[in-house]
Amino acid sequence: MKKIGFILLLATLTSVSGIAQEIKWVSLEQALELQKKTPKKIMMDVYTSWCGPCKMLDKNTFHNPDVADYVNKNYYAVKFNAEGNDQVSYKGKTFSNPGYKPELASRRNSAHELTRYFQVSAYPTIIFMDEKGDLIAPIRGYQQPNQLELYLKLFKNDDHKDMDSQEKFNDYYKAFKPEFKS
């Protein structure tokens, strides 16, 4: 009987720790407001409802415990539907999706004005912003945990500011030792 109780307790603790490893997503407006009190960079997942690689990124990468823990500690995480119908305020301007069609909500729809503003041309794209909400870089395509780790640490530590050539990035890439478990 004690063994069964111990196994149940262990299973409960394991499942609770798995739940705690989710990224805390906020809206872009919330992230920008949070930056005023506690400056952190922003990582914004720009996705669509129909995009297969977007779903893989969410399932395989954003649910990775190492990724979730690092993002929660070092970034404000934003999920943004690139073809959604939300109104978003950014840099004193309001962005919307005037071409949005509700009947196409789960299929290809019109691109949101904010998507165009950031010149996102592929899904998924992860946009990184600095502590003032200014664009650092968009990273296009599906990223595995170890691939995303490189960018999370590159931008978090401002190492990108010293890179003024492809050669410097290549050197950084070659020297990078990933620590996240895949």
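Lys73 and Asp69 lie four residues apart in helix 4, which means that about one helical turn separates them. Helices (H or I, at least four residues) and strands (E, at least two) are DSSP runs numbered from the N terminus. The model is predicted, so local features were required to have pLDDT of at least 70 and side-chain atom pairs pLDDT 80 or more, while totals for chains, interfaces and linings use all residues. Residues are numbered from 1 along each chain as its sequence is written, and side-chain values use heavy atoms, with hydrogens and water left out.

The side chains of Lys73 and Asp69 meet in a salt bridge at 3.2 Å, N to O, where a salt bridge is a side-chain nitrogen of Lys or Arg within 4 Å of a carboxyl oxygen of Asp or Glu. Lys73 is exposed, with a relative accessible area of 56%, and Asp69 is partly exposed at 34%; buried denotes under 20% relative accessible area, exposed over 50%, and partly exposed the range in between (1.4 Å probe, protein chains only). Salt bridges with shared partners also join Lys41, Glu131, Asp158 and Lys161 into one network. The structure holds 11 salt bridges.

Elsewhere in helix 4, Val67, Ala68, Tyr70, Val71, Asn72 and Asn74 are buried. The cover over the buried residues of helix 4 includes strand 2, helix 3, strand 3 and helix 6. At the start of helix 4, a side-chain oxygen of Asn64 comes to within 2.8 Å of the backbone nitrogen of Asp66.

Five strands form an open sheet in the order 1-3-2-6-7, with mixed pairing; two strands are taken as paired if DSSP finds at least two bridges between them. Strand 1 (25–26) and strand 7 (135–140) are at the edges with a single partner strand each, so one side of each has no neighbour in the sheet. Strand 6 (residues 125–129) pairs with strand 7 in the antiparallel sense over five bridges, and Phe128 stands opposite Ala137 in strand 7. Helix 3 (residues 52–62) packs on the sheet, touching strand 1, strand 2 (41–47), strand 3 (75–81) and strand 6, and its direction makes about 135 degrees with that of strand 2. Contact means heavy atoms within 4.5 Å; axes are lines fitted to C-alpha atoms, for helices over the stretch in contact, with angles from 0 to 180 degrees between N-to-C directions.

Six of the seven residues of strand 2 are buried, so strand 2 is largely enclosed by the rest of the structure. Strand 2 pairs with strand 3 in the parallel sense over seven bridges, with Met44 opposite Val78 in strand 3. Strand 2 and strand 6 run antiparallel and are joined by five bridges, with Met43 opposite Phe128 in strand 6.

Lys79 forms a salt bridge with Asp45 (2.6 Å, N to O). This pair links strand 3, which holds Lys79, to strand 2, which holds Asp45, across 34 residues. Asp45 is buried at a relative accessible area of 1%, whereas Lys79 is partly exposed at 29%.

In the largest nonpolar core, of 24 residues, Met43, Phe128 and Leu152 touch the most other members. Such a core is a set of buried Ala, Val, Leu, Ile, Met, Phe, Trp, Tyr and Cys residues joined through side-chain atoms within 4.5 Å. Helix 6 supplies the largest share of this core, six residues. A second, separate core of 18 residues includes Leu32, Tyr76, Val78 and Phe95.

Definitions and conventions: A polar contact is a pair of N or O atoms within 3.5 Å; within protein, one must be able to donate a hydrogen and the other to accept it, and residues adjacent in sequence count only if both atoms are side-chain atoms.
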